[in-house]
Amino acid sequence: MGTLDGKVAIVSGAGRGIGHEIALKLASEGAAVVVNDVDEEPASRTVEDVVALGGRAVVCAGSVTEDGFAERFVQTAVEAFGGLDIIVNNAGYTWDAVVQKMTDEQWDAILDVHLRAPFRILRAAQPVISAAVKAARETGEPVPCRKVVNISSISGLGGNAGQASYAAAKAGVTGLTKTIAKEWGRYNVTANTVAFGIITTRLTDAPADGSRTITVQGHEIGVGMSRQLLDAMSVQVPLGRPGTPAEAAGAVYLMCLPESDYITGQVLVCGGGYVM
């Protein structure tokens, strides 16, 4: 018996890295998972990995910033698995520049993916959750505790040079989370933020000279941190190293456990003790 047996989860950005590990962790504990990625191929690989574990998962490919995506994401959970219990807003990327060199396009793109997209997904989920709660109360059934876990960063808590847009978006995630905690408490929904520190993913553990890039909406965006910078930051982590995607997923899982049913509106920092 898994701790999340019978639960249905949607996880954005789950084709790679931390999102992949979140999907595997939730599925390994019994949750059925709707796996999103902007590209169908990595999302399908995550589904294959879930199935190999004996779990259940389906793909919902597409950009979280597309009009209509949020409704399709939520509806996929309802149609495939009959409901929605866990929402993990994880999708995102960085497109860094100092303020004077940051374009409006860069600013808007990062705010869209990290803040507007989670808002839209939560807005789309509200009617589904509200209807399920109303139906349960009308029949006298207990209302299960549903979970919202929004992903933030220590950049959103302390700022970070070159990341005005990312830090602003991630700070906004905290405000969104705390508002959802207040608005949806009546539905027995908890909403919490997990803020990651230095986690080793393709967006961090790569050359920072543009030699490794990701393609987003036609733009080739350089990713990664120089080995010198990564080593310097790692020295400041009390645990002495960056975290792994599996460890990051573990922090999200904590907020999905029944044991966290009375924790809401909080920010959990998963950073090995690192403070910006």
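These questions and answers concern a predicted model.

Q: What is the mean pLDDT of the protein chain, and where is confidence lowest and highest?
A: The mean pLDDT is 93, and 90% of the residues reach 70 or more. Confidence is lowest in strand 8 (residues 219-222), at a mean of 66, and highest in strand 4 (residues 86-89), at 99.

Q: Why is Thr76 called buried?
A: Buried means under 20% relative accessible area. Thr76 has 17% relative accessibility, so Thr76 counts as buried. Thr76 is found in helix 3 (residues 69-81) and touches Val34, Val58, Val59, Cys60 and Phe81, not counting residues up to four places away in sequence.

Q: What makes the approach of the Thr76 side chain to the backbone oxygen of Arg72 a polar contact?
A: The distance is 2.7 Å, and the cut-off for such a pair of N or O atoms is within 3.5 Å.

Q: Why is strand 6 (residues 189-196) described as largely enclosed by the rest of the structure?
A: Eight of its eight residues are buried, so strand 6 is largely enclosed. Val189, Ala191, Thr193 and Ala195 point one way, while Thr190, Asn192, Val194 and Phe196 point the other way, and all are buried.

Q: How do you know that strand 6 pairs with strand 5 and with strand 9?
A: Two strands pair if DSSP finds at least two bridges between them. Eight bridges join strand 5 (residues 146-153) to strand 6, and four join strand 6 to strand 9 (residues 267-270). Lys147 stands opposite Thr190 in strand 6, and Ala195 stands opposite Val269 in strand 9.

Methods:
Residues numbered from 1 in each chain as written. Predicted model: local features only at pLDDT ≥ 70, side-chain atom pairs only at ≥ 80, totals over all residues. Heavy atoms only, no water. pLDDT = per-residue confidence, 0-100. Helix = DSSP H or I, 4+ residues; strand = E, 2+ residues; numbered from the N terminus. Buried < 20%, exposed > 50% of the residue type's maximum accessible area, 1.4 Å probe, protein only. Polar contact = N/O pair within 3.5 Å; in protein donor to acceptor, adjacent residues only side chain to side chain. Contact = heavy atoms within 4.5 Å.
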